[in-house]
Amino acid sequence: HDKALKAAEAAVCVKQGAAEIDMVANTGMLHDGRIDLYHADIRAVRTAIGSDTILKVIIEAPLLSAEGIVGAATAAASAGAASRGGPRPRAPPPAAP
């Protein structure tokens, strides 16, 4: 998928009520040494869905070295994906009367 198409699809999902988006990272970009494109791909989705929607990035770890996994996770987090510790806390719902 083109990053603009991924971003547009994710934005539609959010408009239809999705609270979180899961996306599969483009491992091919990492294998080609294009961490800049990998980061931009994730960032495009983050920008399209806004900061209130959780973004999870699926990394195809079996296809990467240990160093590659760390690099992929670091780039995903810096592009706006949820961290390993999970999304930032949200306010609890109001108590029932």
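1. Helix H3 covers residues 35-49, 15 residues in a predicted model. At 1.5 Å a residue H3 should span 21 Å, and its end C-alpha atoms are 22 Å apart, which agrees. The expected span is 1.5 Å times one less than the number of residues in the helix. Helices (H or I, at least four residues) and strands (E, at least two) are DSSP runs, numbered from the N terminus.

2. The buried residues of H3 are Tyr38, Asp41, Ile42, Val45, Arg46 and Ile49. Seen down the axis, these residues fall within an arc of 130 degrees, so they line one face of H3. The arc is taken from the directions between the helix axis and the C-beta atoms. Buried means under 20% relative accessible area, exposed over 50%, and partly exposed in between (1.4 Å probe, protein chains only).

3. What covers that face? The cover of the buried H3 residues includes helix H1 (3-15), strand S1 (20-24), helix H2 (27-31), strand S2 (54-58) and helix H4 (66-78). Just after H3, Gly50 takes a positive phi of about 80 degrees.

4. Asp41 deserves a look. Asp41 lies in helix H3 and is buried, with a relative accessible area of 2%. Leaving aside neighbours within four places in sequence, Asp41 is in contact (heavy atoms within 4.5 Å) with Lys3, Lys6, Met23, Asn26 and Met29.

5. Next, the core. The largest nonpolar core has 18 residues, and Tyr38, Ile42, Val45, Leu55 and Val57 have the most contacts inside it. S1, H2, H3, S2 and H4 are the elements that give two or more residues to this core. H3 gives the most, with four residues. A nonpolar core is a set of buried Ala, Val, Leu, Ile, Met, Phe, Trp, Tyr and Cys residues joined through side-chain atoms within 4.5 Å. Not counting residues up to four places away in sequence, Ile42 touches Met23, Leu55, Val57, Ala76 and Ala79.

6. Helix H4 gets the same check. Its 13 residues should span 18 Å at 1.5 Å a residue, and the end C-alpha atoms of H4 are 19 Å apart, which agrees. Ala72, Ala75 and Ala76 are buried in H4. Seen down the axis of H4, they fall within an arc of 100 degrees, so they line one face of the helix. These buried residues pack against H2, H3 and S2. The face turned away from them carries the exposed residues Ala66, Glu67, Val70 and Thr74. Just after H4, Gly80 takes a positive phi of about 115 degrees.

7. Now the whole chain. The protein has four helices and two strands, in the pattern α-β-α-α-β-α along the sequence. Of its 97 residues, 28% count as buried. Among contacts with a separation of 6 or more, residues 24 or more positions apart account for 69%.

8. How far does the confidence reach? The mean pLDDT (the predictor's confidence in each residue, from 0 to 100) is 86, and 85% of residues reach 70 or more. Among the elements, H2 has the lowest mean pLDDT (89) and H1 the highest (95). Over residues 84-91 pLDDT stays under 50, and the model has eight contacts beyond four places in sequence for that stretch.

9. On method: residues are numbered from 1 along each chain as its sequence is written, and side-chain values use heavy atoms, with hydrogens and water left out. In this predicted model local features need pLDDT of at least 70 and side-chain atom pairs count only at pLDDT 80 or more, while totals for chains, interfaces and linings use all residues.
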